[in-house]
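Open the model in your viewer and keep the selection panel at hand.

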Protein chains: 2
Amino acid sequence: MTLTLNQQSRSFGGTTQFYQHSSQCCNAPMRFSVYIPPQAAQQPVPILYWLSGLTCTEENFITKAGAQRLAAQYGLLLVAPDTSPRNLGLPGEQDRWDFGSGASFYVDATEFPWAKHYQMYRYVTEELPLLIEENFPVDPTRQSIFGHSMGGHGALICALRHPSRYQSVSAFAPITAPMSCPWGETAFRGYLGENRQTWSAYDASELVKTSAWRRPILVDQGDADSFLAQGQLLPERFETACQQAGIDLRLRMQPGYDHSYYFIASFIDDHLRHHGEALGCV
Amino acid sequence: MTLTLNQQSRSFGGTTQFYQHSSQCCNAPMRFSVYIPPQAAQQPVPILYWLSGLTCTEENFITKAGAQRLAAQYGLLLVAPDTSPRNLGLPGEQDRWDFGSGASFYVDATEFPWAKHYQMYRYVTEELPLLIEENFPVDPTRQSIFGHSMGGHGALICALRHPSRYQSVSAFAPITAPMSCPWGETAFRGYLGENRQTWSAYDASELVKTSAWRRPILVDQGDADSFLAQGQLLPERFETACQQAGIDLRLRMQPGYDHSYYFIASFIDDHLRHHGEALGCV
């Protein structure tokens, strides 16, 4: 698999880079950003994946979250993929900001016209990790995942479905019960069809019932987040599901915070510490 | 003067805000962003102005630099104005990215058609400070200024021309000798006319010869900055001028760093500490 480096900048003693490549599972070009910490010049480093929210690209997190500072200190390689394939000319691809382009919901689509390209679950859990392991000085036995909103949902389902692969998981304002919120219902119906049984494989509040995941989950949620008020995020439902499953959910309601990257930047250090500790580099 | 709040987000225990207002000296709407630190709820806080570079708006710094973290810790109110008036329909306003819209060079223009609106020196040194003092819980006896590229030039000339007003100054990759670089020559000719005598009032390397400024000046410059190679920034000329004037310039060449906000974010903490110390809040 060939990677094309589109841009790079020295950053906190390491390097922030932007790549493009031809994705086999998505049958499309895909983009991602990477932060390579200074420690990677000496030894393989652990990997921390970030999944972004609706409308975001591979740029938002790496430019706005302020994550490089502690990633450089801890020696974490950050990887932030785009949120979907783009510009494929699919019918309906650009019609809505919460479905299609920029809104993959990290599922493997089964429905026309998405199935051929929107294989984002396989992309973030299989193809992208392979690519990272082949092309960067990483230790694949140490990886973790986090994300925001739709990407918080993505991070949670990846960890819950692969409890032995990821050492830790956390999320900012995640969509925690997509089967039960308007965004998730639209997306799952469009990508997965009408059978709600298949939806539950991508719903964190459903997955905790059977997942072997037993490590603490850190979630920050602003209480002034308009999408919380709209019932898109439903952290209370996830909290109940985790309690019933005996999973240690550390849900922190942050007073006055909204859904933006200003919120994320405010608490990113706590999340990097959460992952750094689990990955043995704090 | 009426301020319109366009957007705000809780941020590191304080608030990041975006404002618009009708500028008297620019005869135009102007925009700026502000970070209000948590300490402002209890007492007047010092002010740190940021001036941005070519093409930037009031958004770039406040979203990408990662400055809020230490501003919150030190209790600094950050103010980042837009780089020019916009959308005035002036002939040539949108023709070049390095002149006109987004490229005021922080001078008071004397030439048609700019003179009526491009009064950015007065805006950043008079109108905006007055607005900030009237509308925010600040201590106007404690203010400092910094900036990037064209805004580094702006910060340096403000400090050198008002040595008693600003407690400290610093810059990232500043244009330090605008009379002698292509960007500056184009801008000064367009805004100020052909008489190079009038240009020198806006040239840091000229101003140090007569300025009463005697405090240390911190400058970070990436040595992989393409604009350095193009001769737009000329830090060596400023260094010589400072040496001759007996000014303590702390010019740090940063190996491998470019001109981007990845560079700025990497060293923003050092600059906030520089200002925080001068403002008595570290």
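Which residue in strand 5 of chain B is the bridge partner of B:Y35? Select B:L78: this residue of strand 5 is the partner of B:Y35. This is a predicted model, in which local features need pLDDT of at least 70 and side-chain atom pairs count only at pLDDT 80 or more, while totals for chains, interfaces and linings use all residues. Residues are numbered from 1 along each chain as its sequence is written, chains are lettered from A and ligands numbered from 1 in the order in which they are written, and side-chain values use heavy atoms, with hydrogens and water left out.

**The sheet**

Select residues 28-36 and 77-81 of chain B, strands 3 and 5, which pair in the antiparallel sense over four bridges. (Two strands pair if DSSP finds at least two bridges between them; helices, H or I of at least four residues, and strands, E of at least two, are DSSP runs numbered from the N terminus.) Now widen the selection to the nine strands of this open, mixed sheet in chain B, ordered 1-2-3-5-4-6-7-8-9. At its edges, pairing on one side only, are strand 1 (3-11) and strand 9 (249-254) of chain B. Neighbouring strands are turned by 20° against each other on average, direction ignored. (Axes are lines fitted to C-alpha atoms, for helices over the stretch in contact, and angles run from 0 to 180 degrees between N-to-C directions.)

(Contact means heavy atoms within 4.5 Å.) Then show helix 3 of chain B, residues 120-135: its direction makes about 55° with that of strand 3 of chain B, and among the strands it touches are strands 6 and 7 of chain B.

**The contact between chains**

Select the 24 residues that each of chains B and A brings to the contact. About 1700 Å² is buried between the chains, 51% of it on carbon and sulfur atoms. (Buried area is the accessible area, with a 1.4 Å probe, that two parts lose on being put together, summed over both.) Pick out B:R10, B:F12 and B:Y262, which supply 39% of the area that chain B buries against chain A, more than any other three residues.

**The axis**

Chain B can be laid on chain A by a turn of 180° and a shift of 0.0 Å along the axis, with an RMSD of 0.0 Å. (Copies are superposed by least squares on the C-alpha atoms of residues with pLDDT of at least 70 in both.) That is the relation of a two-fold axis. Finish at B:K64, the residue of chain B that comes closest to the rotation axis, at 2.5 Å (C-alpha).
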